[in-house]
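Here is a short note for a colleague who has not seen this model before. Please read it with the structure open.

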Amino acid sequence: MLKGFLFHIGRYILLMRQVFKRPEKQSIYIRQIMVEIENLGLDSVGIVAFISTFMGAVLCIQMAFNIDTPFIPLYTIGFVTRQSVVLEFSPTIISLILAGKVGSRVASELGTMRVTEQIDAIEIIGINPATYLIFPKIIAAVLINPILIIMSMVMAIMGGWLAGIFTGLVPTSEYVYGIKAFFESYDIVYALIKTVVFAFLIVSISGYHGYYTKGGALEVGASSTKGVVHSSIAIIVFNLILTQLLLS
Amino acid sequence: MIEAKNVSKSFGEHLVLDNVSCRFEEGMCNLIIGQSGSGKTVLMKCLVGLFEIDKGNVEYDGRVFSKMSFDEMKVIRQEIGMMFQGGALFDSMNVEENIMFPLSMFTDQSLEEKLERANFCLSRVRLENVNKLFPAELSGGMKKRVAIARAIAMNPRYLFCDEPNSGLDPLTANVIDNLISEITQEYNITTVINTHDMNSVIEIGDKIAYVHKGKLWWEGNKDTILKSDNPELNEFVFATELTRKLK
């Protein structure tokens, strides 16, 4: 098992060396990055907005039920909702959801290209397939995911506010005061650093599994599953490491 | 001319190619034939560098290809066109984008020039009004023809075709064979075709290499293959009732 793990780590590092080689023609790569921003980022806006809004709403209601004492001010609901969303829910939970959506897309796209010899065709033409196929996806995800996460934070806080109003658990003035209270801009920096690292992990790990697919349709499915599972595990592990490094 | 010198290739403990040496001549259709699992696809993939060979050399007009780094191989690969068994057309691109892809990557041609070249290549393979179709919208024979058009877009010196007429009806298969033969002679390129189709062998086999159990078993051409007394080759060539009757 350890041997297999080390084999994959080694091959992943070698693939990343190939991915970050100098591109053949930069104008083509810039166009590819734009295409991938649309495929990997803009197509995820709907699901991110939906999940974030409901996540914020649930957080607000849970906080309100847990703060059932007059000694804790109501604005705490807004404060805790903001802190939970900014520090953990948006960067980590949304990244895990993107690992499922984007990771399976990347792994199955590359896996299908591998088994139908499209990757071989790119190589025969004289193009480095790892750079051509994976590099634009990584750059696109690293650029667009922070924007998605900031949008997620805004939507989650809005969701909490709406839940507070409709349930009557917290008035707008208290919620808004809580949202503004004790704000540290470093929290946003921390969240965005995590987001960028997670974006890289999602695309590179899923890309690795897709790129080295062998066989047919069944193996493409297996690669897609491995891409999602392994990138999710990597997100959880790096979440702990980054939190320790950035907040301690 | 392409030359394989003492090429061996194993996958784990399984020896697939055992000391294979053969030459593929310029301006000719060079056929690699053999039964399924005989090692002919592995030989072709070793020739184009998709598989790293264990022993021996592959040379392109004296240039030792198999010892080159990926970046050095790029130069020769721009002189190679390859048609894959399933076409290997890029699903996300339409027909003209597929053909223009190598031109976009390696030339500074304007869009008009690339389109003109794509249309010329399409007319060369006798396809019209398919520019905007995607690979999923093409028939098997059309896919193969678009794959040939893409392979010749960069004016290659070497053309490789892996099972060009597998899965096609005899008429379409014949059209594909004749197209490859015409292109080979017209542009004087070195064409290597991997096939187990006896019609192709008789139709366009200027030079034939028979691979059996990972070894080069026999070499000849379309005239000598029918008169050979090699038992393994005869078993392959005259495998069907029709060919036995013809003999």
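1. Two residues are in contact if their C-beta atoms, placed from the backbone, lie within 7 Å. Keep in mind that this is a predicted model: local features need pLDDT of at least 70, side-chain atom pairs count only at pLDDT 80 or more, and totals for chains, interfaces and linings use all residues. Residues are numbered from 1 along each chain as its sequence is written, while chains are lettered from A and ligands numbered from 1 in the order in which they are written.

2. Chain A has 9 helices and 0 strands. Its pattern along the sequence is α-α-α-α-α-α-α-α-α. Helices (H or I, at least four residues) and strands (E, at least two) are DSSP runs, numbered from the N terminus. The C-alpha atoms of chain A fill a box of roughly 70 × 40 × 35 Å along the principal axes. Of the 248 residues in chain A, 44% are buried. A residue is buried if 20 or more other C-beta atoms lie within 10 Å of its own, exposed if 12 or fewer, and partly exposed in between; C-beta atoms are placed from the backbone.

3. Look next at helix 1 of chain A, residues 2-19. It has 18 residues and spans 25 Å from first C-alpha to last. That is close to the 26 Å expected at 1.5 Å a residue; the expected span is 1.5 Å times one less than the number of residues.

4. Now the contact between the chains. Chain B gives 16 residues and chain A gives 14 residues. On the chain B side, helix 2 (70-77), strand 6 (80-83) and helix 3 (95-106) each supply at least two residues. Helix 3 of chain B gives the most, with 4 residues. The chain B side divides into 11 nonpolar, 3 polar and 2 charged residues. Here Ala, Val, Leu, Ile, Met, Phe, Trp, Tyr, Cys and Pro count as nonpolar, Asp, Glu, Lys and Arg as charged, and the others, Gly among them, as polar.

5. Chain B is assigned domain 1 (2-79 + 160-246) and domain 2 (94-155). These bounds come from an automatic or database domain assignment. The centres of the two domains, taken over C-alpha atoms, are 25 Å apart. In the contact between them, 9 residues of domain 1 of chain B meet 8 residues of domain 2 of chain B. The domain 1 side has 6 nonpolar, 3 polar and no charged residues.

6. Chain B holds an open sheet of 4 strands, antiparallel, in the order 2-1-4-5. Two strands pair if DSSP finds at least two bridges between them. Strand 2 (14-24) and strand 5 (63-64) of chain B are the edges, each pairing on one side only. Strand 1 (residues 2-11) of chain B meets strand 2 of chain B over 7 bridges. One of the facing pairs is B:Ser10 and B:Leu15; another is B:Ile2 and B:Phe24. The hairpin of these strands has 2 residues between them, and B:Gly12 takes a positive phi near 65°. Strand 1 of chain B also has 5 bridges to strand 4 (residues 55-60) of chain B, where B:Lys5 stands opposite B:Asn57.
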